[in-house]
Amino acid sequence: MNSVSIANVRSRAERRKWLIEFIGFWLLGLCNNFGYVVMLSAAHDILKQEGNDSTTQPVSHNTTNRFDCNPTSTGAILLADILPALIIKVTAPFFMHKILYNIRFVLIVIFAVSALVIVGLSKVVAFSLFGVACASISSGFGEITMLQLTSFYPKHTVSAWSSGTGAAGLLGALSFAALTGPLKVKPRTAILILLFIPALQVFSYIMVGASQAAAKHRAYQQISDATTTDADTDNDTEEKITVNKTTIVTKFTNKLQLVKPLLKYMIPLSLVYFAEYLINQGLYELIFFHKSNLSHSSQYRWYSVTYQLGVFISRSSVALFRINHLWILPIIQFTNLGIFFACVYRTAFIPSIWLVFGLVVFEGLIGGGAYVNTFYKISIEIPEPDREFSMGVASVGDSFGITFAGLLAIPLHNAICQ
């Protein structure tokens, strides 16, 4: 009887621990990507500020242009929102392990708060872009940190994190659209209202015991290194000096060798995100239904919401449905890109904006599915000693795709609008 009671108590404790970890990493994913998503959802409003300050309706000089173009493509916001993150993701895996997780997390929160305050208070587009860049730094630094942190926890934390990032897209876009639409809050005031998100991020970090998990891992590494050193070195001073000199070079070379096996995950992910964000930041703003009750900016916001709905559904689906052949996803997403190009030039022939909303949801399903299945496959196929580094490096794949999409979106916008 006692053994049964002990087993029941242990089972309840394990379920409770599983639930806390799942909810905690879900919230960490939500908070990490929330600011990034809000900046993209607000892109049309931020850039419109440069033209006519507050209005988002078509202006007189643009009556002959069926696209109602902004002076600057929303791809500019995308670049400010991704380039800092890309730089961090490319370089961080090689030095990040030297920074304590608690210090990393403090920097993540500081940049998240700074982004919302700067964009919320700024009335100059250039300064707003700096605020967007702060959101990018927070998101990029946070993604690589939290993905590496999942390597200290059971595999369900990867699924929880991915689901949380998907929810960030949906809730971030939806909250901004709701505040600026039905609730009629000014776009920049809406951004300031979202300052509670970094506070929730701090709560989630404490909730999962991230500090303790990272400390245990660091202690284990130190013990392991000390044991290896004691076993492999003798009293020969010259040999010790040689080992010390070659250690850094050897570790760096070993890390570079781990990158090649990751290309089969990174290339499909990068291609999916290139097509996806070229659609989002290059074509969404050009698909304008003049006869709709929604203003141009409102249409853009609700495209973002429906896209994020698709992302959330697919990022939360890995426990039920998995995609083993990742190369299929870029083919589907590039097909979507071609369909959206047709929508740009044939908007007048589309009977309802709801058809575009449906296509946007499908686009989000493919993008979210690529993300969660890529990192899930890494978590089960890469050996545990290399998993932390691999998670960080693989996260570069989506950033490369997004960056190239942003670079192409600007000249594409100019060419179509002219």
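Reply: Let's start with Y303: leaving aside its neighbours within four places in sequence, Y303 is in contact (heavy atoms within 4.5 Å) with Y284, I287, F289, I353, V356, F357 and V360. Y303 also belongs to the largest nonpolar core, which has 105 residues, and together with Y277 and F375 touches the most other members. Such a core is a set of buried Ala, Val, Leu, Ile, Met, Phe, Trp, Tyr and Cys residues joined through side-chain atoms within 4.5 Å. Buried means under 20% relative accessible area, exposed means over 50%, and partly exposed lies in between (1.4 Å probe, protein chains only). A second, separate core has six residues, including I88, A92, M96 and F141.

A word on the model: it is predicted, so local features need pLDDT of at least 70 and side-chain atom pairs count only at pLDDT 80 or more, while totals for chains, interfaces and linings use all residues. Residues are numbered from 1 along each chain as its sequence is written, and side-chain values use heavy atoms, leaving out hydrogens and water.

Now for the whole chain. Of its 418 residues, 53% count as buried. Its secondary structure comes to 16 helices and zero strands; these are DSSP runs (H or I, at least four residues, for helices; E, at least two, for strands), numbered from the N terminus. Among contacts between residues at least 6 apart in sequence, 86% join residues at least 24 apart.

I103 is partly exposed, with a relative accessible area of 45%.
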